[in-house]
Amino acid sequence: MESANATARRLGADLAFDTHEALVVRPEVDLVVVAVKVPDHKQIVSDALAAGKMVYCEWPLARNLSEAEALEGFARERRLRTVVGLQGGLHPPVLFLRGLVARGVIGKPLSTSVRAHLTDDMWVGRYDPPVEYMADAKHGATLLSIMLGHGLEPLARVLGTIESLSAVVANQRGDGVRLSDSPISPSRCAAAASLPKCYRSPRLMRLPTCNSTHPQRGSPASTPSSPPTSATEPPLRRTSRSPSIATGYSRRSPGPLKQVIGSICPAPTE
């Protein structure tokens, strides 16, 4: 409460709170803005709606679809105005593109693509202490749930609402790293459950472990000095995609990863 009061004085705010419960019940409050970690969204939004307040909640609304549907239903029952914060569609360049398409300036769009380059460490599996919770998909704060949503919303604003969806998602990064003390974070890849525990440099992460033991995608890892080749398969090449990813081998031509090479774990001790 001491820091809340100090902030209120600095900003010239009349009210200060150290819990959201105290905030949502105040009659002076008309709109509650929820801009905290995703795991806390459901409780705060629910309490605000129960108090009869309008709500602006940043995307994603909740940790999963069932929570989001429950909040949407509660808001309808209470007949309250609510907003989910997907602000990209209101960005002036996006609105400009929407206008071009709507006026037929480029004709009828037949196809499109979106490319994104994410620079924050957390999106490549390097977690500072405040965002370590993002390593567990159950918290609803993943690259798929957050950044993809923010990317698809402006796309739909320009080209129209998505009517059907067919998608393939692949986790190409495997395990993440806690930057506070460098141990490996639990992998969201089911195949990693049988791998030995190990610790490594915070600059290194395992290459995709899901594919290394897949019956249709090659055998378990061997040493980098003797990459497997055959007369019918193109040779494998050594790759190092970024400083955060261990070196391995992959096909020159498109296709599934055949083998993961080069463990950077010490020999298992347990």
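Predicted model: local features only at pLDDT ≥ 70, side-chain atom pairs only at ≥ 80, totals over all residues.
## Leu159 and its surroundings

Leaving aside neighbours within four places in sequence, Leu159 touches Val101, Pro109 and Thr112, where contact means heavy atoms within 4.5 Å. Leu159 itself sits in helix α6; helices here are DSSP runs of H or I with at least four residues, strands are runs of E with at least two, and both are numbered from the N terminus. With a relative accessibility of 40%, Leu159 is classed as partly exposed; buried means under 20% relative accessible area, exposed means over 50%, and partly exposed lies in between, using a 1.4 Å probe and protein chains only.

Residues are numbered from 1 along each chain as its sequence is written, and side-chain values use heavy atoms, with hydrogens and water left out.

## The overall picture

The protein has 6 helices and 7 strands. Read from the N terminus, the elements follow the order α-α-β-α-β-α-β-α-β-α-β-β-β. Of its 270 residues, 29% count as buried. Among contacts with a separation of 6 or more, 57% come from residues 24 or more positions apart.

The accessible surface amounts to about 17600 Å², and carbon and sulfur atoms account for 55% of this surface. Accessible areas come from the Shrake-Rupley method with a 1.4 Å probe, and for residues only the protein chains shown count as cover.

Strand β1 (residues 31-34) pairs with β2 in the parallel sense over 4 bridges; two strands pair if DSSP finds at least two bridges between them. Leu31 has Met54 as its bridge partner in β2. Strand β2 also runs parallel to β3 (residues 82-85), again joined by 4 bridges, and Thr82 in β3 is the bridge partner of Val55. From β2 the chain crosses through α4 to β3 in a right-handed β-α-β crossover. Right-handed means that, with the strands pointing away from the viewer, the path from the first strand over the helix to the second runs clockwise. A right-handed β-α-β unit is also made by β1, helix α3 (residues 41-50) and β2.

In a regular strand the side chains alternate between the two faces of the sheet.

## Helix α5 and its packing

Helix α5 (residues 92-102) has Val94, Gly99, Leu100 and Val101 as its buried residues. These buried residues pack against α6. Just after α5, Gly104 adopts a positive phi of about 75°.

## Salt bridges

The whole structure holds 6 salt bridges, each defined as a side-chain nitrogen of Lys or Arg within 4 Å of a carboxyl oxygen of Asp or Glu. One of them links Arg76 to Glu72, with the closest N and O atoms 2.2 Å apart. Both residues lie in helix α4 (residues 65-78), 4 residues apart, which is about one turn of the helix. Arg76 is exposed at 62% relative accessibility, while Glu72 is partly exposed at 38%.

Another salt bridge joins Arg126 and Asp121, whose closest N and O atoms are 3.5 Å apart. Arg126 is buried, with a relative accessible area of 14%, whereas Asp121 is partly exposed at 32%. Glu28 and Arg26 form a further salt bridge, with the closest N and O atoms 2.9 Å apart. Glu28 is partly exposed at 46%, and Arg26 is partly exposed at 28%.

## A nonpolar surface patch

Finally, a look at the surface. Leu144, Leu148, Leu152, Ile162, Leu165 and Val169 form a nonpolar patch with about 580 Å² of accessible area together. Patches are made of residues with over 30% relative accessible area and no salt bridge; like charges are joined within 9 Å, and nonpolar side chains (Val, Leu, Ile, Met, Phe, Trp, Tyr) within 5 Å. Ile162 lies in the loop between α6 (143-159) and β5 (177-178), and is partly exposed at 44% relative accessibility.
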